[in-house]
Amino acid sequence: LLEAVFSYPATKDVNNMTVKMPYQCFINGSFEDAENDKTYDTINPTDGSVICKVSYTSVGDVDRAVAAAKEAYENGPWGRMNPRDRGSLLYKLADLMEEHQEELATIESIDSGAVYTLALKTHVGMSIQTFRYFAGWCDKIQGKTIPINQARPNRNLTFTKKEPLGVCAIVIPWNYPLMMLAWKSAACLAAGNTLVLKPAQVTPLTALKFAELSVKAGIPKGVINIFCAVSNLKKVSLELGGKSPLIIFSDCDMDKALRMGMSSVYFNKGENCIAAGRLFVEESIHDEYISRVVEEIKKMKIGDPLDRSTDHGPQNHKAHLDKLLEYCEIGLKEGATLVYGGKQVDRPGFFMEPTVFTDVEDHMFIAKEESFGPIMVVSKFRNGDVDGVLQRANDTEYGLASGVFTRDINKAMYVSERLEAGTVFVNTYNKTDVASPFGGFKQSGFGKDLGDCSIGLSAVTPAKDQTVKQYSM
């Protein structure tokens, strides 16, 4: 059966293994060419070479995928099966992802530029954890009884029941292709929904490999459909951009603030939605902090993401690299000081130098706009001016994440309560977990991923009381 479903013209010997990559649309349980036979090249950002040709979906293909998902939802076994059995299938899917984790991580590296060790641990590792976490929720999605006015002679019983929404459309970005697929789809599937999913056009390959594994896991046909095209959007949950502030006070643990501060910017080449878009460093330690950052950047190894010793791989695609270079040019023109980097690395592929800007003033473009790349944007604040730096940190249309480094617990609590962001990191950064809700305030979107919020077990409105506080004191 599987031989009839899958064909592998896209086979590549790389990273000491042979990776097999589906390349067609995945509709109603099988891979097939786009109805117009159109394809496009997906590019390896390490050297600019073509990995393979991928089917480019037409409107007709999208319509067929939606129809298949609708049929699977209304008449297929997925929504009607015992929730515990549905959980068993998702556990099996997670097991297959783990069995193929090296292959998935290799595909992720050559398609997105992610350093292999990071792809294995985070891109793929957290995807597996996500599916296991939500597999466990399948038989725990419960309603409740409501005590209403029980006026005699009638005694009324009122209860609620959670039901799936139906067909869910999922559009995912290119920075964490497989992990974003997992974050968005695992909860949908656990609740009994069916889905149509569009990976980013520049990073489609792990999504298509995931589709193959879903068949092997026994997920019924039509439940998952994947294609590379753009369709219209309906009612949505959105996790959007960020310009996350990170405030570093002079009473911090300098070594930890240095290590975590660099990770907050350069993790995954800066292609990270919660990346610290702007660092505020207290005046008395500013110069020392910048000096030590530059020292550490010079030690970073830039190169092939499949090399286990590489610290910094290529940006995801050429158009993104070009935007980052333009971002740096704007920063220079506005008067910010370029301390390090700002250029493309002199080698094949789409590599950007880790970059540091200082003397960044509040009105500047780079103070307000997200780069989504390895660019540290640093502003100085006056010694002891806690309220002043808070006002500056909150002066943004975004509110996805934020952070504070200080040894003073009173200051940490004061600042974290007043930072307008969905996640506040205290003396740490980038710590996400499948059980912890994730989402933003203001223009960073609405709704939550992960945790019980994503399957409707608590409110999804991004209210202040849903701020997720991460502590590592």
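The model I am reading is a predicted one.

Strand β14, residues 276-282, and β17 pair in the parallel sense over 4 bridges. I then looked for another partner of β17 and found strand β16, residues 355-358. The pairing of β16 with β17 is also parallel and runs over 3 bridges. Here I noted Phe357, which stands opposite Val377 in β17.

Of the 7 residues of β17, 6 are buried, so the strand is largely enclosed by the rest of the structure.

For context I looked up the chain totals. The protein chain has 473 residues, and 57% of them count as buried. I listed 13 helices and 23 strands in its secondary structure. I also took the contacts between residues at least 6 apart in sequence; 72% of these join residues at least 24 apart.

Next came the helices. Two packed helices are described by the angle between their axes and the distance between the axes.

First entry, α3 with α6. Helix α3 covers residues 83-99 and helix α6 covers residues 177-190. I read an angle of about 165° and axes 11 Å apart. Angles over 145 degrees count as roughly antiparallel, and α3 and α6 are therefore roughly antiparallel to each other. The crossing of α3 past α6 is right-handed. On the α3 side I found Arg86, Leu90 and Met97, which meet Leu178, Ala186, Leu189 and Ala190 in α6. Sorted by class, this contact has 6 nonpolar residues, 1 charged residue and no polar ones.

I took helix α4 as residues 101-112 and helix α5 as residues 116-135. Their packing angle is about 120°, and the axes are 9 Å apart. That angle makes α4 oblique to α5. I recorded a right-handed crossing for α4 past α5. Which residues make the contact? From α4 I listed Gln101, Glu102, Leu104, Ala105, Thr106, Glu108, Ser109 and Ser112. From α5 I listed Tyr116, Ala119, Leu120, His123, Val124 and Ile128. By class, the contact of α4 with α5 comes to 7 nonpolar, 5 polar and 2 charged residues.

Technical notes:
Residues are numbered from 1 along each chain as its sequence is written. This is a predicted model: local features need pLDDT of at least 70, side-chain atom pairs count only at pLDDT 80 or more; totals for chains, interfaces and linings use all residues. Side-chain values use heavy atoms; hydrogens and water are left out. Buried means under 20% relative accessible area, exposed over 50%, partly exposed in between (1.4 Å probe, protein chains only). Helices (H or I, at least four residues) and strands (E, at least two) are DSSP runs, numbered from the N terminus. Two strands pair if DSSP finds at least two bridges between them. Axes are lines fitted to C-alpha atoms, for helices over the stretch in contact, and angles run from 0 to 180 degrees between N-to-C directions. Angles under 35 degrees count as roughly parallel, over 145 as roughly antiparallel, 65 to 115 as roughly perpendicular and the rest as oblique. A crossing is left-handed if the near helix is turned anticlockwise from the far one by less than a right angle, and right-handed if clockwise. Contact means heavy atoms within 4.5 Å. Ala, Val, Leu, Ile, Met, Phe, Trp, Tyr, Cys and Pro count as nonpolar, Asp, Glu, Lys and Arg as charged, and the others, Gly among them, as polar.
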